[in-house]
Amino acid sequence: MIGSFHTPYNIPHNAEPSVIVENYNTQGNLTNEVFYHAPQRVVTFWQNSVETLLALGLRDRIVAAVGVPYPDCIKEEYRADYEAIPIKQMQPLDTENILMLRPDFILGWASTFTQRYIRTTEFWNSRNVNTYIAPTSMRSQKQKTIEDEYKYILDMGNIFGREEKAHAIVANMKDEINYIQNNTAGREKPHAIIIEKQKDILKVYGKYTLAGNILERVNGRLIDTGVSINYEQLIEQNPDVIFLIVCEEDYVNAKSIAQQLYDNNALQDISAIKNHRIYTIPLFMVYSSAVRTYDGIKKMAEGLYPDLYYEVSQDE
């Protein structure tokens, strides 16, 4: 049930909304976000936001892109448009600087719209700025799914009048999943675990995460041991495949982090280690990934079924 409507202030009484989308506010409540025109000055937080707008051909609407570590993280086909954005930085923009940019729309994660970061959705809404929180960044949403990423893309297409392009992007993802499922039907599903190395802790991405949902949709058998796993438990689970998530600060160190697992003498009897089947995946492909969900789908499918795309590549 929708808790409230956000309607921009100072809108003429006879004005008709152009778009209404369901989203969240800072408190985690569902709300209807009302748009009276397609946004013209957008501030994007994190990679999913900027790449989705770039994929929809909206580079000229973005006044600032925050949260991309370096340009090579951006998909090559969007990179030239990304470079043309006036403000690009990994570091946060403070509230005063954002206000100076005169945005009419801010895209981010739940963690973006907090009092300690850039202020709440209510703060921005009261200043005629529409907001949108990526659904899979909401802690209140227990199950994260690919459908959430479809909705994000379709909502952006709806808000900006790029529905046809948005539907084509989503259809491409659905077609890829269908291809994978059809071509792996009846095969034994590899046992796979998704982990992130955090100092001496191995964080596990389980069935309620987007990463886990992707793995299961591409016909992998997900090992879900809870929020973390130690090396002894990893040996007991003996995964066929290990997907190693790397975060922003470690994108350039992905190979060396994987090598640490290969070089660990205690792990040598694990199937994934013996068969050299550790695959690194950047976080932006499996966490609030939007248009890059497609890359996460393919990465996991290729790791689970290395032969899946072999015949296609041979025929090209």
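# Helices and a sheet in questions

User: In which helix is the place of S49?

Analyst: The model is predicted: local features need pLDDT of at least 70, side-chain atom pairs count only at pLDDT 80 or more, and totals for chains, interfaces and linings use all residues. Residues are numbered from 1 along each chain as its sequence is written, and side-chain values use heavy atoms, with hydrogens and water left out. Helices (H or I, at least four residues) and strands (E, at least two) are DSSP runs, numbered from the N terminus. S49 has its place in helix α1.

User: Is S49 buried or exposed?

Analyst: Residues under 20% relative accessible area are buried, those over 50% are exposed, and those in between are partly exposed (1.4 Å probe, protein chains only). S49 has 0% relative accessibility, so S49 counts as buried.

User: With which residues is S49 in contact, leaving aside its neighbours within four places in sequence?

Analyst: Contact means heavy atoms within 4.5 Å. With those neighbours left aside, S49 is in contact with T44, L107, G108 and Y152.

User: How are α1 and α5 placed to each other?

Analyst: Axes are lines fitted to C-alpha atoms, for helices over the stretch in contact, and angles run from 0 to 180 degrees between N-to-C directions. Helix α1 (residues 47-55) and helix α5 (residues 146-160) pack at an angle of about 50°, with their axes 10 Å apart. Angles under 35 degrees count as roughly parallel, over 145 as roughly antiparallel, 65 to 115 as roughly perpendicular and the rest as oblique. The pair α1 and α5 is therefore oblique.

User: Which classes of residue make up the contact of α1 with α5?

Analyst: N48, S49, T52 and L53 in α1 meet Y152, M156 and F160 in α5. Ala, Val, Leu, Ile, Met, Phe, Trp, Tyr, Cys and Pro count as nonpolar, Asp, Glu, Lys and Arg as charged, and the others, Gly among them, as polar. By class, the contact of α1 with α5 has four nonpolar, three polar and no charged residues.

User: What is the order of the strands in the open sheet of five strands?

Analyst: Strands of a sheet pair through backbone hydrogen bonds, either parallel or antiparallel. Two strands count as paired if DSSP finds at least two bridges between them. With parallel pairing, the order in this open sheet is β6-β5-β4-β7-β8.

User: Which are the edge strands?

Analyst: In the order β6-β5-β4-β7-β8, an edge strand pairs on one side only. The edge strands are β6 (87-89) and β8.

User: What is the bridge partner of I106 in β8?

Analyst: β7 and strand β8 (residues 130-133) pair in the parallel sense over four bridges. Strand β4 (residues 42-45) also pairs with β7 in the parallel sense, over three bridges, and T44 stands opposite L107 in β7. In β8, the bridge partner of I106 is T131.

User: Which residues lie on the two sides of strand β7?

Analyst: In a regular strand the side chains alternate between the two faces of the sheet. Strand β7 (residues 105-108) has both faces covered, and the four residues named next are all buried. On one side are F105 and L107, and on the other are I106 and G108.

User: What is the bridge partner of A65 in β6?

Analyst: Strand β5 (residues 62-66) and β6 pair in the parallel sense over three bridges. The partner of A65 in β6 is K88.

User: Are α6 and α11 roughly parallel or roughly antiparallel to each other?

Analyst: The axes of helix α6 (residues 163-184) and α11 come within 9 Å. They cross at roughly 10°, so α6 and α11 are roughly parallel.

User: Is the crossing of α7 and α11 left-handed or right-handed?

Analyst: Helix α7 (residues 210-217) and helix α11 (residues 293-304) pack at an angle of about 55°, with their axes 9 Å apart. The two helices, α7 and α11, are therefore oblique to each other. A crossing is left-handed if the near helix is turned anticlockwise from the far one by less than a right angle, and right-handed if clockwise. The crossing of α7 and α11 is right-handed.

User: Which residues does D295 touch, not counting residues up to four places away in sequence?

Analyst: D295 lies in helix α11. Its relative accessibility is 16%, so D295 counts as buried. With those residues not counted, D295 touches K75 and M285.
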